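The sequence and coordinates are shown first.

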Amino acid sequence: MVKTWMLGLAAAAVLLVAAWWFFGGDRDLRKITRQSERLAAALHKAPGDGLLAMATRSREIANFFAKKVSLTPGEPLPSIQSRDEIATIAATTLHAVSRLEVTILDRELNWVEPHQKAAMRVAVEVFAEGHGEHQKLLHTYDLTWINEEDRWVISSAQINESIRRPTTSGR
Amino acid sequence: MLPHWTIWLWGRRPLVTLARAAVFGILLYLVGRFAFPPVHVSGLSMEPTIHDGTWRIGNKLKFHARDPQRGELVMVTMAGWHAYYLKRVLGLPGETIAFKKGELLINGQVVPEPYLDGDSGWNLPPTRVPEGEYFVAGDNRAVPLASHKAGLTRRSDIAGGLLW
């Protein structure tokens with residue numbers, strides 16, 4: 001016959017494994033993961049969002065990036081080299097669409113230099129609506145996260161598609 | 001003596017039941033992670049063959065022993081192991097692929113595509129598929145090629161095919 005204390009021990013073991021699963025691992029990697037989720041949330045626009053909210057949001061988006069930054073987001077956006085440029089392009093983009101949603105579908109995160117620099121490959125789904133049309137795009141980006149003034153920020157980002165368009169194409 | 005409902009829930013030997021459940025859970029995770037992942041289809045790229053919002057079962061073992069062939073459906077890596085592009089192989093390594101008014105041409109010969117629904121207006125000048133790469137595209141040719149995620153992918157980025 002199984003004693004009650006044995007059941008309790010088994011339940012405690014299951015709880016410990018569950019706790020390790022949810023709260024264990026590297027704290028910095030979890031912080032980076034949370035930052036990426038916050039950035040995706042900041043890149044959100046609902047139809048009713050006003051101009052002031054968008055201006056605040058674009059500055060908030062820029063603050064997810066390092067002071068020295070290099071972004072290659074892919075067509076139609078140009079290469080970006082500063083936070084100010086990020087804020088400007090974010091404001092323009094948010095202004096141009098009536099609705100924007102960025103969802104992280106998957107990510108892979110590894111240390112380049114432990115607790116200083118990390119590489120993240122992230123797959124995102126972008127849903128944009130404007131001028132009566134909507135578009136859903138899937139993209140994969142390589143992001144470099146660095147620890148700057150005790151905050152995890154993106155120092156570089158470039159598009160990295162596993163399906164590459166041939167050099168010439170058309171309808 | 002354990003109450004009746006406890007026996008119904010845990011069996012006569014609860015620790016053995018717990019161990020069995022743990023082993024079953026681990027096996028389920030390993031099978032889903034490395035062999036046959038459940039795939040939730042998002043997007044219209046593979047219409048009319050595979051519909052948006054449906055569930056399928058992937059097969060990561062499919063191309064371990066052999067290479068993908070033309071016409072087969074493949075899962076192409078994005079990042080991590082939760083999300084994949086679902087595409088059809090059209091061009092094999094070393095071949096020259098082109099589209100002319102929607103017709104697929106491989107090395108200059110028209111290749112029928114029975115899985116398509118209606119004509120497409122796709123045009124693509126002859127493009128050589130490099131060694132170690134494949135040309136993949138979705139079945140939804142109503143979307144212009146410029147807006148469609150189609151093109152060259154490395155063999156190493158093909159994570160598997162579909163079981164069902």
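Chain B is divided into domain 1 (1-34) and domain 2 (37-162), with bounds that come from an automatic or database domain assignment. The centres of domain 1 of chain B and domain 2 of chain B, taken over C-alpha atoms, are separated by 41 Å.

This is a predicted model, in which local features need pLDDT of at least 70, side-chain atom pairs count only at pLDDT 80 or more, and totals for chains, interfaces and linings use all residues. Residues are numbered from 1 along each chain as its sequence is written, while chains are lettered from A and ligands numbered from 1 in the order in which they are written.

**Chain B.** The secondary structure of chain B amounts to two helices and 11 strands; helices (H or I, at least four residues) and strands (E, at least two) are DSSP runs, numbered from the N terminus. From the N terminus on, the order of elements in chain B is α-α-β-β-β-β-β-β-β-β-β-β-β. The radius of gyration of chain B is 22 Å, well over the 15 Å that the globule rule gives for 164 residues, so chain B is more spread out than a compact globule. That radius is taken over C-alpha atoms, and the rule is 2.2 Å times the number of residues to the power 0.38. Along its principal axes, the C-alpha trace of chain B spans about 80 × 30 × 25 Å.

**Contact between the chains.** Chain A contributes 23 residues to the contact and chain B 29 residues; two residues are in contact if their C-beta atoms, placed from the backbone, lie within 7 Å. The elements of chain A that each supply at least two residues to the side touching chain B are tabulated below.

| Element of chain A | Residues |
|---|---|
| Helix 1 | 4-23 |
| Strand 2 | 99-113 |
| Strand 3 | 117-130 |
| Strand 4 | 133-148 |

Strand 2 of chain A provides the largest share of this side, four residues.

**Helix packing in chain A.** Helix 3 (residues 51-62) of chain A and helix 4 (residues 83-96) of chain A pack at an angle of about 140°, with their axes 8 Å apart. Axes are lines fitted to C-alpha atoms, for helices over the stretch in contact, and angles run from 0 to 180 degrees between N-to-C directions.

**Backbone geometry.** The peptide bond from Glu47(B) to Pro48(B) is cis, with omega near 0°. Pro48(B) lies in the loop between strand 1 (38-40) and strand 2 (55-59) of chain B. Asp150(A), although not a glycine, has a positive phi of about 65°.
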